[in-house]
Amino acid sequence: MTASEYTIEIALCILLGFGIFYSIHLGRALAVLRRDRRELADLVARLDESGRRAEDGVEKLQTAGEVSGRSLGRMIDQSRMLQGELEALSTRADSVAERLETLIRENKFPEQEKAVVEEVTPAPAAVVSPDQTANVERGALPSLPASPTPGVRPYEQRLRQRTAAEQDLIRALRMS
């Protein structure tokens with residue numbers, strides 16, 4: 001064997017050593033890729049499950065939103081109805097107050113309207129007893145209904161009953 005053959009054999013041995021080390025390195029990299037691929041598949045499965053749970057949650061939220069939206073819609077409709085009623089009562093009260101003011105200024109009181117004015121206006125030097133003060137402090141007003149009817153909503157009860165002030169207002173309107 002000649003020197004050139006020895007150099008070629010040594011070069012091939014070196015290249016073979018590099019190839020062995022490189023194949024070991026590639027084997028490790030492939031093992032990491034296989035492990036990462038399994039982790040990626042597990043991650044995708046968990047993500048898919050989370051997506052399904054989110055869709056179920058969205059459906060439940062939509063159902064809850066529709067139910068609460070309907071109840072809020074009913075409450076808004078009822079409040080608009082009450083607003084209209086209060087506006088009508090306020091308008092009537094303003095017109096009665098204007099009529100009473102003009103009559104007071106003119107000092108022309110028919111006998112019927114004098115009685116209404118005396119009922120509506122409080123006595124100037126009224127003495128309040130301690131029992132009445134306690135009732136006012138507790139929030140009990142004589143013109144309001146004493147106890148609500150069980151099972152009836154306040155606005156429905158309000159439509160069925162009239163307070164003493166409303167009855168006085170209606171009498172005053174009928175007289176004028």
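Predicted model: local features only at pLDDT ≥ 70, side-chain atom pairs only at ≥ 80, totals over all residues.

Trainee: How many helices and strands are in the chain?

Mentor: There are 5 helices and 0 strands. Reading from the N terminus, the order is α-α-α-α-α.

Trainee: What is the average pLDDT of the chain?

Mentor: The average is 76. A score of at least 70 is reached by 67% of the residues.

Trainee: Where is confidence lowest, and where is it highest?

Mentor: Helix H3, residues 130-138, is lowest, with a mean of 44. H1 is highest, at 90.

Trainee: OK, on to H1. What does it cover?

Mentor: Helix H1 takes in residues 3-106. That makes 104 residues.

Trainee: What span should H1 have, and how far apart are its ends?

Mentor: At 1.5 Å a residue, H1 should span 154 Å. The end C-alpha atoms are 143 Å apart, so the two values agree.

Trainee: And what follows H1?

Mentor: Asn 107 comes next, and its phi is positive, near 55 degrees.

Trainee: Which residues of H1 are buried?

Mentor: Leu 89, Val 96, Leu 100 and Leu 103.

Trainee: Why does Leu 100 count as buried?

Mentor: Its relative accessible area is 19%. The cut-off for buried is under 20%, so Leu 100 qualifies.

Trainee: How far is Leu 100 from Ala 172?

Mentor: In sequence, Leu 100 and Ala 172 are 72 residues apart. In space, the C-alpha to C-alpha distance is 9.5 Å.

Trainee: Which residues form the nonpolar patch on the surface?

Mentor: Tyr 6, Ile 8, Ile 10, Leu 12, Ile 14, Leu 15 and Phe 18. Together they have about 770 Å² of accessible area. One of them, Ile 8, sits in helix H1.

Trainee: Switching to charges. How many salt bridges are there?

Mentor: The count comes to 3. Take Arg 105 and Glu 101 to begin with. Their closest N and O atoms are 3.6 Å apart. Both residues lie in helix H1, 4 residues apart, or about one turn of the helix.

Trainee: Which residues do shared partners join into one network?

Mentor: Asp 48, Glu 49 and Arg 52 are joined by salt bridges that share partners. Asp 48 pairs with Arg 52, with the closest N and O atoms 2.4 Å apart. Glu 49 also has a salt bridge with Arg 52, and there the closest N and O atoms are 2.9 Å apart.

Trainee: How are those pairs spaced along the helix?

Mentor: Asp 48 and Arg 52 are 4 residues apart in helix H1, about one turn. Glu 49 and Arg 52, also in helix H1, are 3 residues apart, again about one turn.

Trainee: And how accessible is Asp 48?

Mentor: Asp 48 is at 42% relative accessibility, so it counts as partly exposed. Arg 52 is partly exposed too, with a relative accessible area of 42%. Glu 49 is at 35%, which also counts as partly exposed.

Trainee: Great. I'll go back to the model with that.

Definitions and conventions. Residues numbered from 1 in each chain as written. Heavy atoms only, no water. Patch = residues over 30% accessible without salt bridge, like charges linked within 9 Å, V, L, I, M, F, W, Y side chains within 5 Å. Areas by Shrake-Rupley, 256 points an atom, 1.4 Å probe, with all protein chains shown as cover. Salt bridge = Lys/Arg side-chain N within 4 Å of Asp/Glu carboxyl O. Helix = DSSP H or I, 4+ residues; strand = E, 2+ residues; numbered from the N terminus. Buried < 20%, exposed > 50% of the residue type's maximum accessible area, 1.4 Å probe, protein only. pLDDT = per-residue confidence, 0-100. Expected span 1.5 Å × (residues − 1).
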